Amino acid sequence: MLAESLTLSAALFTIGVIGVLTRRNAIIVFMCVELMLNAVNLSFVALSRLYGATGQVFVIFVMTVAAAEAAVGLAIIISIFRHKKSVNLQDINILRG
Amino acid sequence: MENEFYPLFYQFNFYLFGLIALVSAIVFVTRKSPVAAALWLVMVMFALAALYVMLGAEFVGMMQVLVYAGAIMVVFLFVVMLLNLGHPSELNDIRGKWGRIAAGLVGLALVAELLALGRSSVNTNLVLPAAPAGDVAQGTAGIIGPIAGPLFKEYLLAFELTSVLLLVAIIGAVVLAKKRSAVAVDTETRHAR
């Protein structure tokens, strides 16, 4: 099942990348990033059968970091929404100069 | 492991959940409404949790359901509803021509890499290392034992730092999302003058 897992992981990662590139809603872009993290987790778990349980330890770390990232990122989105009244990435261009 | 006893059943379920994850991910990316997208992403995460359990990582599968599908997605849905994102101008958020072309190129490149990887001679025959598998099967270390061992020995420092990271995230989220009081805004504008 290793080959299938790694293929599925790569496919999910690709879908996540495409979502990040094509969507303009900041929240959906965030969810695509979560999908990419999940894809990497799947390959960690699949390879942990081959190389021992350390891969699962890394999955725990990835989940923790993802939780922290989601909390801070969504707080930033709320903060931006207060100023701009929008979460559309095209409206958030104050750093463009 | 499981596939010793019912190889066909195991394989069928593995492909079934893999297919559910893949189709849900595609539907998730193409939804316009953030709420629908979030719910489809929950579907992906449940399917992935099932795959984790089938791959012998029961604890990770449980954490996936609790942390990802349970906590993180609730935070996402909470923010979507807090910001009241549902009006039509927000819905059509898929990028125009150049965004689609860029995404198509990147997608093609990644799929090409995938195919190249599939053709390369990676040793895909799953050979389980004897000792840890026996440990798990006999129940001497349990399910969490093989994870807890390295987590609290080799990676203890990283584990402790993770707690600091979570604390920082909590404080940062509260500070960022807190509505500034009128007094604070007033003093800020006075300083700006």
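I began with chain B: among its contacts with a separation of 6 or more, 49% join residues 24 or more positions apart. Here two residues are in contact if their C-beta atoms, placed from the backbone, lie within 7 Å. A note to myself on the source: this is a predicted model, where local features need pLDDT of at least 70 and side-chain atom pairs count only at pLDDT 80 or more, while totals for chains, interfaces and linings use all residues. Residues are numbered from 1 along each chain as its sequence is written, and chains are lettered from A and ligands numbered from 1 in the order in which they are written.

**Entry: chain B overall**

I looked up the secondary structure and found nine helices and zero strands in chain B. Helices (H or I, at least four residues) and strands (E, at least two) are DSSP runs, numbered from the N terminus. I then checked burial, and 23% of the 193 residues of chain B count as buried. The cut-offs I used: buried is 20 or more other C-beta atoms within 10 Å of the residue's own, exposed is 12 or fewer, and partly exposed is in between, with C-beta atoms placed from the backbone.

**Entry: where the chains touch**

I looked up the interface next: 66 residues of chain B are in contact with 59 residues of chain A. On the chain B side, helices 1 (7–30), 2 (34–54), 3 (58–83), 5 (97–119), 7 (145–152) and 8 (156–177) give two or more residues each. Helix 3 of chain B gives the most, with 13 residues. By class, that side of chain B has 54 nonpolar, eight polar and four charged residues. For these classes, Ala, Val, Leu, Ile, Met, Phe, Trp, Tyr, Cys and Pro are nonpolar, Asp, Glu, Lys and Arg are charged, and the others, Gly among them, are polar.

**Entry: helix 1 against helix 1**

How do the axes of helix 1 of chain A and helix 1 of chain B cross? They come within 10 Å and cross at roughly 5°, so the two helices are roughly parallel to each other. Axes are lines fitted to C-alpha atoms, for helices over the stretch in contact, and angles run from 0 to 180 degrees between N-to-C directions. Angles under 35 degrees count as roughly parallel, over 145 as roughly antiparallel, 65 to 115 as roughly perpendicular and the rest as oblique.

I listed the residues that meet: from chain A they include A:Leu8, A:Leu12 and A:Ile15, and from chain B they include B:Phe14, B:Gly18 and B:Ala21.

The expected span is 1.5 Å times one less than the number of residues. Among its buried residues are B:Phe17, B:Ser24 and B:Phe28. The buried residues of this helix pack against helix 1 and helix 2 of chain A together with helix 2 of chain B.

Helix 2 (residues 26–51) of chain A reaches 37 Å from its first C-alpha to its last, close to the 38 Å expected. I counted 20 of its 26 residues as buried, so this helix is largely enclosed by the rest of the structure. A:Gly52 follows helix 2 and has a positive phi, near 95°.

Helix 2 and helix 3 of chain A pack at an angle of about 175°, with their axes 8 Å apart, and are therefore roughly antiparallel to each other. Their contact has 15 nonpolar, six polar and one charged residues.

**Entry: the core**

The largest nonpolar core has 69 residues, and those with the most contacts inside it are A:Ile27, A:Met31, B:Leu41, B:Val44 and B:Leu51. Such a core is a set of buried Ala, Val, Leu, Ile, Met, Phe, Trp, Tyr and Cys residues joined through C-beta atoms within 7 Å. Helix 2 of chain B supplies the largest share, 14 residues. B:Leu51 touches A:Leu42, B:Phe17, B:Gly18 and B:Ala21, leaving out residues up to four places away in sequence.

**Entry: the exposed parts**

Is A:Lys85 buried or exposed? With 9 C-beta neighbours inside 10 Å, A:Lys85 counts as exposed. A:Lys85 sits in the segment after helix 3 of chain A, and has a positive phi of about 60° although it is not a glycine. Helix 8 of chain B is hardly covered, with two buried residues among its 22.
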